[in-house]
Amino acid sequence: MSEVTYSGNEIQLVVFKLGREEYGVSILQVQEIKRMTEITRVPHSPDYIKGVMNLRGSVLPVIDLKKRLNLPQQDYTDDTRIIIIKVEDITIGMIVDAVSEVTTIDQNNIEPPQAVVGGIAADYLSGVGKMEDRLLILLNADAIIGIGQEVKAG
């Protein structure tokens with residue numbers, strides 16, 4: 001396998017869709033991407049927590065990212081994926097509508113988040129990436145997962 005080298009100003013992102021918008025999260029936080037699987041509901045958990053799933057013997061909490069970000073809900077499709085991300089010691093699954101690509105963006109093309117972008121509070125954003133003819137909303141996985149500590153499996 002060949003190593004990929006980047007200039008110090010570029011970051012690699014996993015790009016995914018929620019509704020019609022494109023979002024990105026750092027590839028360094030992504031462990032894997034899975035097809036939708038059976039999720040066991042957990043009683044008395046917040047509504048954005050879909051439940052838990054078994055990933056090779058580990059029980060992981062799974063959040064519905066659309067619910068977490070207060071976006072309109074849609075039925076799951078064949079394109080629906082669970083992105084497994086890890087921040088510090090917390091591993092969690094995020095349900096997204098589709099994963100579209102892995103891309104690289106120069107940090108000079110990332111604007112700081114405004115107070116609200118597309119109805120999402122700035123707390124959950126790390127910026128907006130400008131790529132040729134499109135914008136990527138970059139999510140702050142730390143903030144999204146930080147709330148997941150209350151249901152940390154274990």
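## Definition and basis

A salt bridge is taken here as a side-chain nitrogen of Lys or Arg lying within 4 Å of a carboxyl oxygen of Asp or Glu. The model is predicted, and side-chain atom pairs count only at pLDDT 80 or more, while local features need pLDDT of at least 70. Residues are numbered from 1 along each chain as its sequence is written, and side-chain values use heavy atoms, with hydrogens and water left out. By the salt-bridge rule the count comes to five.

## The buried pair

Among these salt bridges is the one between K66 and D97, whose closest N and O atoms are 2.8 Å apart. This pair links distant parts of the chain, since K66 sits in helix α1 (residues 65–68) and D97 in the loop between β7 (90–96) and β8 (98–106), 31 residues apart; helices (H or I, at least four residues) and strands (E, at least two) are DSSP runs, numbered from the N terminus. Both K66 and D97 are buried, a term that means under 20% relative accessible area, with exposed being over 50% and partly exposed in between (1.4 Å probe, protein chains only).

## Partly exposed pairs between strands

R134 forms a salt bridge with E101, with 2.3 Å between the closest N and O atoms, and this pair joins strand β13 (residues 134–139) to strand β8 across 33 residues. R134 is partly exposed because its relative accessibility is 26%, and E101 is likewise partly exposed, at 27%.

K130 and E111 also meet through their side chains in a salt bridge (2.8 Å, N to O), which links strand β12 (residues 125–131) with strand β9 (residues 110–111), the two residues being 19 apart. K130 has a relative accessible area of 36% and is therefore partly exposed; E111, at 36%, is also partly exposed.

## Network

Salt bridges with shared partners join E22, E101 and R134 into one network.
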